Amino acid sequence: MSETEALESMVGGEYKYGFTTDVEYEDFPNGINEDIIREISRRKDEPEWVLEFRLEAFEKWKQMEEPDWPNVEYEKPDFDNIQYYSSTKKKDGKKPESLDDVDPQILETYEKLGIPLQEQKQLQGIAVDAVFDSESIFTTFKEKLAEAGVIFCSISEAIQDHPEIVKEYMGSVVPKGDNFYAALNSAVFSDGSFVYVPEDTVCPMELSTYFRINNMQSGQFERTLIICEDNSHVSYLEGCTAPQYQQNQLHAAVVELVALEDAEIKYSTIQNWYSGDEKGQGGIFNFVTKRGHCRGDNSKISWTQVETGSAITWKYPSVILAGDNSVGEFYSVAVTNQRQQADTGTKMIHVGKNTKSTIISKGISAGESNNSYRGLVKISPRADGAQNYSVCDSMLIGQTCGAHTFPYIESANPTAKVEHEASTSRVGEEQIFYLQQRGMDEDDAISLIVNGFAKEVLQELPMEFAVEADKLLGIKLEGSVG
Amino acid sequence: MLEIKDLHVCVEEDPSEKILKGVNLTINEGEIHAIMGPNGSGKSTLSKVVAGHEAYEVTQGNILYNGESILELEADERAHLGIFLAFQYPVEVPGVTNKNLLRQAYNTIAEEQGREELDPLQFEDHAREQLKLIDMKEEFLERSVNAGFSGGEKKRNEIFQMAVLQPKLAFLDETDSGLDIDALKIVANGINELSGEDNAVVLVTHYQRILDYVQPDHVHVMIDGKIAKSGDKDLAIKLEEEGYDWLSEGASVL
Ligand SMILES: Nc1ncnc2c1ncn2[C@@H]1O[C@H](COP(=O)(O)OP(=O)(O)OP(=O)(O)O)[C@@H](O)[C@H]1O
Ligand SMILES: [Mg+2]
């Protein structure tokens with residue numbers, strides 16, 4: 001059977017990725033306990049140290065409480081009713097060696113998502129790791145990248161093939177017990193991507209991972225680790241979508257970035273998880289811990305995110321600026337519509353001397369949604385000459401949505417300079433009328449206004465994805481006025 | 001081209017706020033009309049109602065464009081028919097360049113009218129030509145729509161937009177206010193260039209001086225939501241000298 005699009009037309013229709021792929025899954029029990037964790041590790045054929053990592057995290061998680069400080073309201077997930085590992089049935093029970101071994105329906109799914117994996121159709125200049133539920137299905141251009149010395153594969157493969165690197169870095173930026181959802185992830189994590197760029201290397205292609213949650217029962221707990229050695233450079237982009245289901249699904253990821261001396265990591269996200277219907281039914285709970293460590297002097301980590309999906313978003317991509325003269329950036333557009341709730345922002349932790357951070361956050365709320373920016377700029381006593389510049393702008397569409405900003409500044413160094421600007425504006429009737437008078441329909445008018453508002457962030461995206469993001473914002477807000 | 005018949009308009013949210021109280025006005029191709037009148041008499045409201053602003057409700061009367069009522073059409077659909085409004089208070093759209101706005105606008109209208117759309121390069125040429133007409137610097141193409149423009153620049157930008165979009169019927173709501181004397185000449189010149197046999201221009205103005213450069217065929221005076229008097233250019237001169245008082249009394253007798 002092929003994919004069904006029935007739900008899509010039922011629920012508004014504007015979410016293009018709400019279809020389900022009808023594949024067969026391996027049986028896996030619901031719930032979380034030590035046996036389940038051992039079983040995940042067994043199925044992945046992991047070395048003992050990974051199992052220990054998981055079990056220690058699980059112990060910590062059991063002691064922790066789900067945080068209630070984010071400005072979002074939801075019914076807490078029933079952790080015993082989630083399937084923590086979801087893999088599709090394989091022909092001979094083995095991971096596909098080539099595309100010929102991949103279930104054609106999954107290939108079709110990626111094609112439909114605009115990310116064809118087949119060699120003749122592959123996106124040019126972009127290597128893709130395709131993650132379907134708990135597994136990486138395929139990674140393109142691996143050989144070509146290997147020629148440049150770049151390792152790009154799933155984290156499970158990296159654990160098998162490059163254990164020494166994974167062992168050194170995994171959990172070094174986001175410790176196992178960092179927070180409730182990071183601890184949960186550390187206990188049950190499955191495929192995310194692994195990137196290693198050796199010294200003096202500019203990664204020859206754009207790298208990207210496409211995350212797809214398909215199984216209604218499961219959540220996604222991917223883990224991604226990117227390491228850039230001295231004087232290296234990589235640009236990485238992730239995209240995410242999921243089918244429309246009546247019930248919520250949990251996505252609790254951990255992403256760790258490590259930049260050594262003079263290295264630069266650019267990490268972009270286009271998050272378009274299913275966001276639930278207009279009554280707030282269904283949608284993804286997106287509870288994610290993302291952190292980068294500018295470990296070396298003169299290193300740079302830059303986060304760019306376009307957050308349009310998910311019922312609830314709770315994420316703060318952060319940078320620890322440890323190396324002297326290191327640079328952290330956070331560019332964010334977060335759009336909420338209907339009943340969506342987002343509490344998102346960043347933390348810039350200045351440790352090294354003359355470290356610099358920039359935060360540009362653009363929140364757009366429509367419908368009955370609630371959109372909060374939460375950010376921390378922390379300057380440690382050692383961080384002489386640290387500088388931060390933050391701009392947090394909110395745009396409201398209609399009268400029933402909310403926008404909030406929670407900026408926290410903690411400076412323990414008098415030589416530091418911290419600048420914060422914030423603004424709130426409303427898309428007015430007059431603005432829309434003006435553009436309509438020039439010939440644009442209402443949706444195009446709003447799309448134009450919103451894209452203008454978010455321009456500073458959108459222009460940070462890799463070229464290949466900027467157009468896509470532009471369109472996405474427009475589609476997201478269709479019909480949000482009148 | 002445009003026939004406004006016994007038009008009564010109130011504020012949508014507050015129907016007791018009656019603004020237009022029976023406006024009659026006929027505009028033919030090739031004509032230039034001027035509408036004058038005291039502050040708050042309803043000139044801008046009339047322009048916005050013709051353009052399709054949703055804040056107003058037509059309670060009586062009709063607006064015909066080429067013989068057909070346009071009351072049911074959305075603002076963008078009216079724009080597609082070739083109706084243009086230069087705003088008294090042009091709106092800022094941060095982050096959206098003049099060029100982007102106008103290219104999208106031009107091509108949307110062209111598509112609706114079955115004319116050829118322009119690719120980015122063709123559009124750039126077209127826009128540059130119009131810039132020259134009103135003596136604006138090329139950087140205006142790349143600047144965000146009206147954001148940070150001076151009062152006069154905003155007005156000029158409205159004329160620039162009109163030049164690019166080449167409407168059939170243009171309402172220019174106090175486009176001459178706040179212009180220095182050179183800019184006034186340039187704008188007037190632009191209006192003259194753009195008016196022709198096939199299109200019509202309605203100038204809403206408080207000052208006779210623009211009429212030294214743009215010759216109106218008809219001059220109307222709006223008072224308290226009605227056209228109190230119509231005439232030729234001499235009427236404008238008389239108004240400039242004597243004010244509106246002599247008309248208000250006459251109007252109340254009517
Ligand atoms: N949306 C609205 N809500 C309430 N009152 C309105 C609205 N729009 C216009 N009015 C009122 O209608 C009257 C006419 O306004 P309008 O702007 O049309 O006047 P005008 O002739 O253009 O004046 P001016 O010469 O000062 O530009 C004014 O009293 C104004 O306050
Ligand atoms: Mg006015």
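What follows is a stop-by-stop tour of a predicted model.

**Stop 1: the sheet in chain B**

Start with chain B as a cartoon and find the open sheet of four strands, ordered 2-1-4-5 and paired antiparallel. Strands of a sheet pair through backbone hydrogen bonds, either parallel or antiparallel. Which strands sit at the edges here? Those are strand 2 (14-27) and strand 5 (68-69) of chain B, each of which pairs on one side only.

Now select strand 1 (residues 2-11) and strand 4 (residues 56-65) of chain B: eight bridges join them, and they run antiparallel. To see one bridge up close, pick E3(B), whose partner in strand 4 of chain B is L64(B).

**Stop 2: the magnesium ion**

What coordinates it? Look for OG of S44(B) and OE1 of Q88(B), at 1.9 to 2.1 Å. These two residues bring together distant parts of the chain, being 44 residues apart. S44(B) belongs to helix 1 (residues 43-51) of chain B, while Q88(B) is in the loop between strand 6 (83-86) and strand 7 (93-97) of chain B. S44(B) has 19% relative accessibility, so it counts as buried, and Q88(B) is buried too, with a relative accessible area of 16%.

**Stop 3**

Select N107(B), in helix 3 (residues 98-112) of chain B. Buried or exposed? N107(B) counts as buried because its relative accessibility is 11%, under the 20% cut-off. Beyond its neighbours within four places in sequence, N107(B) is in contact with E117(B) and L118(B).

Then jump to W246(B): the charged end of K238(B) sits over its ring, 4.1 Å from the centre.

**Stop 4: aromatics in chain A**

Over all chains, the count of aromatic pairs comes to 26. For one of them, select Y110(A) and Y210(A): the ring centres are 6.0 Å apart and the planes are at 85°, so this pair is edge-to-face. The two tyrosines link distant parts of the chain, with Y110(A) in helix 4 (residues 104-112) and Y210(A) in strand 5 (residues 206-212) of chain A, 100 residues apart. Y110(A) is buried at 0% relative accessible area, and Y210(A) counts as buried at 9%.

Move on to Y181(A) and W314(A), an edge-to-face pair with 5.9 Å centre to centre and 70° between the planes. Y181(A) is in helix 8 (residues 180-188) of chain A and W314(A) in strand 13 (residues 312-315) of chain A, 133 residues apart. Both are buried.

Now widen the selection to the aromatic cluster that includes Y181(A) and W314(A); among its other members are F58(A), W61(A), W69(A), F285(A) and Y316(A).

**Stop 5**

Show R438(A) and Y434(A): the charged end of R438(A) sits over the ring of Y434(A), 4.7 Å from its centre.

Finish on S425(A), in strand 21 (residues 417-426) of chain A. With 30% relative accessibility, S425(A) counts as partly exposed. Where in space is M395(A), 30 residues apart from S425(A) in sequence? The C-alpha atoms of S425(A) and M395(A) are 4.9 Å apart. Neighbours within four places aside, S425(A) is in contact with S394(A), M395(A) and L396(A).

How values were computed:
Residues numbered from 1 in each chain as written. Chains lettered and ligands numbered in written order. Predicted model: local features only at pLDDT ≥ 70, side-chain atom pairs only at ≥ 80, totals over all residues. Heavy atoms only, no water. Buried < 20%, exposed > 50% of the residue type's maximum accessible area, 1.4 Å probe, protein only. Contact = heavy atoms within 4.5 Å. Donors = N, O, S within 2.8 Å, 3.2 Å for Na, K, Ca; no water. Phe/Tyr/Trp six-rings, centres within 6.5 Å; stacked < 30°, edge-to-face > 60°. Lys NZ or Arg CZ within 6 Å of the ring centre and 35° of its normal. Pairing = 2+ DSSP bridges.
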